[in-house]
Amino acid sequence: MKRLISNIYNRIALISPYVEVFLRQQYWRNSSRFKKIKPDKNIIPSNQNSKIDFNKIIDYLKESGLGQGSLLIVHSSYEALEGSGLYPEEIVEELLKLVGKNGTLAMPVIRKFKGEPKYNEILNTSVEDLECVYDVKKSRITTGFLPYYLMRHDDSVVSRFPLNPMVAVGPLAKEMMKHNLDGELPSAHGVNSSWKFCVDHNAIVIGLGVDLIHYLTIMHVAEEAYANWPVKNWYRKRKFTIIDGDYRTHKTVLEREPKWGMLHLAEKKFGNDLIKRRIFKNNIIENTQVGIVNSKELINFLNSKKDKAYPYYLTKIAK
């Protein structure tokens with residue numbers, strides 16, 4: 001049923017970006033009625049009962065230009081990879097072998113903080129007076145088993161930035177995280193972020209068993225790391241206590257207002273545009289959806305359209 005609704009949504013949304021934005025606004029403003037349905041996200045079938053040869057997925061990634069020395073960012077669903085018969089830590093090791101000793105493997109380790117509003121409540125809930133605790137080693141991870149096991153790797157380095165933090169293993173890992181908290185009001189994808197660092201170092205972003213366009217966090221570098229973004233009131237302030245072993249600090253950071261992504265992003269058009277320009281490759285390998293995006297090509301494309309706030313469609317754009 002969910003898949004049928006998702007397919008119908010996709011067809012209607014692609015009529016026009018303004019139709020998609022209208023549908024998103026109707027959904028999120030009535031989300032309490034649709035708790036079990038999220039039509040804007042493609043439904044990826046579970047592969048738990050399908051055998052997957054993970055070596056063939058690795059071969060496909062190699063054929064696509066990934067290999068020794070690559071900087072690789074992985075978004076994943078272990079549920080979709082479970083048919084490989086590999087444990088999460090074994091898949092992590094296969095990806096580390098792919099990039100080799102001279103390469104770096106990174107993943108998002110997004111956290112859930114106590115006291116934060118639920119996702120379907122954040123449009124109507126203020127966080128101005130909320131100070132959350134981000135414990136780099138202990139705060140609960142919401143991005144799945146693979147990032148969790150990469151974080152447990154002996155050589156892993158984790159960002160101290162509380163929003164959309166990354167974990168990485170490899171020669172670029174320490175430098176990637178080194179300056180994330182620098183500046184008076186840093187943001188998750190700004191000039192000193194790990195995400196901007198990855199763009200500057202030609203990272204390749206892949207999705208394994210997920211709709212990569214829906215999880216393409218690195219796109220926000222175009223909004224936050226460069227001048228002349230044309231939308232006012234883009235951010236809200238967030239307060240955090242950040243703990244990392246003996247390290248402890250209080251920091252106020254900037255976060256994109258949730259309404260922009262929830263109510264104004266034309267995600268389906270965005271994905272189609274990336275496919276047409278061959279920035280995004282999306283294939284089914286071993287019954288598993290595998291998406292690939294070159295981060296620098298993506299950001300160059302977005303920056304070429306930034307005066308229009310693409311891929312967000314707004315009724316009023318402040319310039």
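Modeller: The accessible surface of the protein chain comes to about 16100 Å², and 48% of that belongs to carbon and sulfur atoms; such areas come from the Shrake-Rupley method with a 1.4 Å probe, and for residues only the protein chains shown count as cover. This is a predicted model, in which local features need pLDDT of at least 70 and side-chain atom pairs count only at pLDDT 80 or more, while totals for chains, interfaces and linings use all residues. Residues are numbered from 1 along each chain as its sequence is written, and side-chain values use heavy atoms, with hydrogens and water left out.

Biologist: Why is Y215 called partly exposed?

Modeller: Buried means under 20% relative accessible area, exposed means over 50%, and partly exposed is in between (1.4 Å probe, protein chains only). Y215 has a relative accessible area of 34%, so Y215 is partly exposed. Y215 lies in the loop between β8 and α9 (221-224), and its C-alpha is 7.2 Å from that of H75, although the two are 140 residues apart in sequence. Across the protein chain, buried residues make up 53% of the 319 residues.

Biologist: Why are α2 and α11 called oblique to each other?

Modeller: Axes are lines fitted to C-alpha atoms, for helices over the stretch in contact, and angles run from 0 to 180 degrees between N-to-C directions. Angles under 35 degrees count as roughly parallel, over 145 as roughly antiparallel, 65 to 115 as roughly perpendicular and the rest as oblique. The axes of α2 (residues 17-28) and α11 (residues 267-276) come within 8 Å and cross at roughly 140°, and the two helices are therefore oblique.

Biologist: Which residues of α2 and α11 meet there?

Modeller: P17, E20 and R24 in α2 meet E267, K268 and K269 in α11, where contact means heavy atoms within 4.5 Å. These residues divide into 1 nonpolar, no polar and 5 charged.

Biologist: What makes β6 and β11 edge strands?

Modeller: Helices (H or I, at least four residues) and strands (E, at least two) are DSSP runs, numbered from the N terminus, and two strands pair if DSSP finds at least two bridges between them. The open sheet has 7 strands in the order β6-β7-β2-β1-β8-β12-β11, with mixed pairing. Both β6 (157-158) and β11 (280-285) pair on one side only, as edge strands.

Biologist: How many bridges join β1 to β2?

Modeller: There are 3 bridges between β1 (residues 71-76) and β2 (residues 104-108), which run parallel.

Notes. Ala, Val, Leu, Ile, Met, Phe, Trp, Tyr, Cys and Pro count as nonpolar, Asp, Glu, Lys and Arg as charged, and the others, Gly among them, as polar.
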